[in-house]
Amino acid sequence: MPVSSIPSKYGIGTFSRQAYEFIDLLEKAGQSYWQILPLGPTGYGDSPYQSFSTFAGNPYYIDLETLIEEGCLTEEDCVKCDFGDNDRYIDYEKIYLSRFNVLKTAFRNSHPEQETAFLDFVEENSYWLDDYALYMAVKNSFDGISWSEWDEDIKLRRPEAMKKYREEYAEEVEFYKFQQYLFAKQWFALKDYANKKKIEIIGDIPIYVAFDSADTWANPELFQLDDTLTPTAVAGCPPDAFSATGQLWGNPLYRWEYHSETEYAWWMKRIAYCYKLYDVVRIDHFRGFDEYYSIPYGDETAEFGHWEKGPGYDIFKTMKAQLGNKAVIAEDLGFLTDTVIKLVKKTGYPGMKILQFAFDSREESDYLPHNYVKNSIVYTGTHDNDTTVGWYTQLNRKDKAFARKYLHIRGSKDAHWAFIRAAMSSVSDTCVIPMQDYLGLGTEARINMPSTLGTNWKWRMLPGEFTQELAERIYDMTRLYSRI
């Protein structure tokens, strides 16, 4: 479940009292992991996979009630802001227009420059924080447009321009550093609380960064950009059964030869930071390390791209040598070639099994539980799928009949529990269930529909929806299949 989906005051899930209560219920339910979506600050489309920074945290998740307790804010400061009034869905426009104003009030009341912990945080994270804070301050000065449209001197990071903007927007730069300090302080407290209850956090690292990000602006040499810093090609997926024109993500592609020459220095910093934030890392779009789909920049669809070779095992060999053997989940979904199957096997990382992909009555599927291997992670569905109830309701007649027969489903009322049981009883080492499936919610609770904008990333769990009774039911099934 995403952090944004936690019930809490002020319009969006945060590192609040309710987040701690959620962890308490996970403990009661006998769970060992809480998997979340990327924690970065969201940009266009509110997607956590299109972030302004691969290192920074989303300031929306800073808990305002904690700041009230610490004396940085008053309740009146928060109440007078309009964060939206729908407990079920996030209103990102209202959050955007209100959250930064109230955080600015907290900043002015805090005097962080006098706080040793803040100064230590800034120094320790300067390798990414300096660029991120300046990027955000400059972006605001240009009314939020992409860095590629800034004045040429700062777009190209000329020293005199960098000096000028740092001086002119010094307070704004400090404000963005303060946000990151609050984020880290609150997140690590929450993570520590979970870890003490023997619950580990599974985080998510997108393979790509956004073009409009501090990462691309500050490190253009890492990406396939021309002399004017315009992408020569961008990321996406080719046409398939789900999309006739493919998926055009638009992220800049990596100059893998440069990364190899530098022993993947930027990647190693990125991954090392992830292991500060999380205990286990799910690497999104794992196939892209074997081969990546390259779409000519400017194309309106993904139809005319082609495949290029990625770094292969070399990057993971470097990672193991520099960072040690870390817990990784390989997101190996979609069409898999022999070479990517070999890559996953060589790394030793577990891949993903999705029950919703299993029930095609026309053919035998690797996603049917009797075909699983132990070294895998089973899910009923992911954030990109409909909920199990929503998906099952819309299954065609033959596929639904196959699912009912395979799972011994008699009625539709508790069908989602049959899928949860199948996942729990499988041989996969780890089983992860979306919260919406435990709650038995339909399509209205879907997190994301790929290649669409406007309705995604908004769902929230209602206060009191995750009950003690549900926690006990989850515990009983978890214990039954020896997953405690």
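Q: Which residues are exposed on the other side of H15, and how is that word to be read?
A: Burial is read from relative accessible area: buried means under 20%, exposed over 50%, and partly exposed in between, with a 1.4 Å probe and protein chains only. On the other side of H15, the exposed residues are Asp-338, Lys-342, Lys-345 and Lys-346. The model is a predicted one, in which local features need pLDDT of at least 70 and side-chain atom pairs count only at pLDDT 80 or more, while totals for chains, interfaces and linings use all residues. Residues are numbered from 1 along each chain as its sequence is written, and side-chain values use heavy atoms, with hydrogens and water left out.

Q: Which residues of helix H15 are buried?
A: Helices (H or I, at least four residues) and strands (E, at least two) are DSSP runs, numbered from the N terminus. Helix H15 spans residues 338-347, and its buried residues are Val-340, Leu-343, Val-344 and Thr-347. Seen down the axis of H15, these residues fall within an arc of 95°, so they line one face of the helix; the arc is that of the directions from the helix axis to the C-beta atoms.

Q: Against which elements do the buried residues of H15 pack?
A: Contact means heavy atoms within 4.5 Å. The buried residues of H15 pack against helix H13 (287-290), helix H14 (313-323) and strand S8 (328-330). Just after H15, Gly-348 takes a positive phi of about 85°.

Q: Which residues of helix H5 are buried?
A: In H5 (residues 116-124), Phe-118, Phe-121 and Val-122 are buried. They cover an arc of only 95° around the axis, which puts them on the same side of H5. Thr-116, Glu-123 and Glu-124 are exposed on the other side of H5. The partners of the buried residues of H5 are helix H6 (126-141) and H9.

Q: At what angle do the axes of H5 and H6 cross?
A: Axes are lines fitted to C-alpha atoms, for helices over the stretch in contact, and angles run from 0 to 180 degrees between N-to-C directions. The axes of H5 and H6 cross at roughly 95° and come within 6 Å. That makes H5 roughly perpendicular to H6; angles under 35 degrees count as roughly parallel, over 145 as roughly antiparallel, 65 to 115 as roughly perpendicular and the rest as oblique. H5 contributes Phe-121, Val-122, Glu-123 and Glu-124 to the contact, and H6 contributes Ser-126, Tyr-127 and Leu-129. The residues of this contact of H5 with H6 divide into 4 nonpolar, 1 polar and 2 charged. Here Ala, Val, Leu, Ile, Met, Phe, Trp, Tyr, Cys and Pro count as nonpolar, Asp, Glu, Lys and Arg as charged, and the others, Gly among them, as polar.

Q: How do helix H4 and helix H9 pack?
A: H4 (residues 92-110) and H9 (residues 170-196) pack at an angle of about 100°, and their axes are 10 Å apart. That makes H4 roughly perpendicular to H9. On the H4 side, the residues that meet H9 are Phe-100, Leu-103, Lys-104, Ala-106, Phe-107, Arg-108 and Ser-110. On the H9 side, they are Glu-171, Glu-172, Glu-174, Phe-175, Tyr-176, Phe-178 and Gln-179. The residues of the contact of H4 with H9 comprise 7 nonpolar, 2 polar and 5 charged.

Q: How many disulfides does a search of the whole structure find?
A: A disulfide is a covalent bond between the sulfur atoms of two cysteines. With the criterion of a pair of cysteine sulfur atoms within 2.5 Å, the search finds 0 disulfides. Cys-78 is in no disulfide, and its nearest cysteine sulfur, that of Cys-81, is 6.9 Å away. At 1% relative accessibility, Cys-78 counts as buried. Cys-81 is likewise in no disulfide.

Q: Which residues does Ser-213 touch?
A: Not counting residues up to four places away in sequence, Ser-213 touches Ser-51, Phe-52, Ser-53, Tyr-135 and Trp-147. Ser-213 lies in the loop between strand S2 (200-205) and helix H10 (214-218), and is buried, with a relative accessible area of 0%. The C-alpha atoms of Ser-213 and Trp-147 are 7.9 Å apart, although 66 residues separate them along the chain.

Q: Where is Arg-157 placed?
A: Arg-157 is in the loop between helix H7 (152-155) and helix H8 (159-168). Most residues other than glycine have a negative phi. Arg-157 has a positive phi of about 60° although it is not a glycine, and counts as partly exposed at 23% relative accessibility.
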